[in-house]
Amino acid sequence: MATLTQIIENRRSIKPAVMNGQKIEDNVIRELLQLADWAPTHAKTEPWRFVVYAGEAVARFCADHANLYKENTPAERFNQGTFDNLTNMGNNLSHIVAVYMKRGANPNIPVIEELAATSCAVQNILLGAEANGIAVLWSTGGMTLKPAMKQYFQLEEEDAVLGLLYMGYAADSSKPGARNTPLEQKVQWHS
Ligand SMILES: Cc1cc2nc3c(=O)[nH]c(=O)nc-3n(C[C@H](O)[C@H](O)[C@H](O)COP(=O)(O)O)c2cc1C
């Protein structure tokens, strides 16, 4: 069994294009959502929300996503390749989990904390997926961050979509990672 350090270091973003069509059991997705639900949360607002697309709903969501792009893009900027990409995004994957932050009613908790907590929930999913040999891409592509997607999920003004998790299996999910900036340049250490 991999150690937590190995799981963190080995986790990589895996694009849907290299996923192989193999399906994840719904129960495994539920277990990953359970991990997400253990994220830290200031004042216990628990702002993370998930919309899971499985089975035939995957293709339906991808078609909706492509149509959102078409309906909200001026004709002169519309790109058929982008439309086709969004339409076909689900072809090789298993589940799509849309993640959004539901702004709580506690005004003492700033939005940044709700976003931070929801991001922690996503990382729990990513690490749980890595531990289970599941490939994931956290994507903000297409219409994910656009107002049209917020409307699609019927969100309020202060809520926010954080991303779409494209999940499946891939033959090689253990490519070495790379970081451009040495850690030393990101850390100030006072003692
Ligand atoms: C908030 C967020 C949004 C991302 N959106 C995209 C995306 O739209 N498309 C994509 O290919 N990768 C996306 N990624 C994945 C990053 O490209 C990836 O994490 C980065 O290249 C580092 O690689 P690693 O995750 O394998 O360490 C996103 C990552 C984060 C954290």
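Begin by selecting helix α3 (residues 56–71) together with helix α4 (residues 80–88), which pack at an angle of about 160 degrees, with their axes 7 Å apart. Since angles over 145 degrees count as roughly antiparallel, α3 is therefore roughly antiparallel to α4. The crossing of these two helices, α3 and α4, is right-handed. Keep in mind throughout the tour that this is a predicted model.

Next, show the side chains where the two helices touch: from α3, select Cys62, Ala63, His65, Ala66, Tyr69 and Lys70, and from α4, select Thr82, Phe83, Leu86 and Thr87, which they meet. If you colour this contact of α3 with α4 by class, you will have six nonpolar, three polar and one charged residues.

Now move to a second pair, helix α2 (residues 26–36) and helix α5 (residues 111–131), whose axes are 7 Å apart and which pack at an angle of about 140 degrees. That angle makes α2 oblique to α5. As you turn the view, note that the crossing of α2 and α5 is right-handed. To see the contact itself, select Glu31, Leu32, Leu35 and Ala36 in α2, and then Ala121, Asn124, Ile125, Gly128 and Ala129 in α5, which they meet. By class, this contact of α2 with α5 has six nonpolar, two polar and one charged residues.

The next stop is the ligand. Select the residues around it, which are Arg12, Ser13, Leu137, Trp138, Ser139, Thr140, Gly141, Gly163 and Gly177. Which strand gives the most to the shell around the ligand? Strand β3 (residues 135–139) does, with three residues. Coloured by class, the shell around the ligand divides into two nonpolar, six polar and one charged residues.

Finally, select residues 8–169, which the unreviewed UniProt entry lists as "domain: Nitroreductase". This span is 41% helix and 17% strand, and its end C-alpha atoms lie 18 Å apart.

Conventions:
Residues numbered from 1 in each chain as written. Predicted model: local features only at pLDDT ≥ 70, side-chain atom pairs only at ≥ 80, totals over all residues. Near = placed C-beta within 6 Å. Helix = DSSP H or I, 4+ residues; strand = E, 2+ residues; numbered from the N terminus. Nonpolar A, V, L, I, M, F, W, Y, C, P; charged D, E, K, R; others polar. UniProt positions renumbered as here; feature names shortened; annotations may be inferred. Axes fitted to C-alpha atoms, helices over the stretch in contact; angles between N-to-C directions. Parallel < 35°, antiparallel > 145°, perpendicular 65-115°, else oblique. Left-handed = near helix turned anticlockwise from the far one by under 90°. Contact = placed C-beta atoms within 7 Å.
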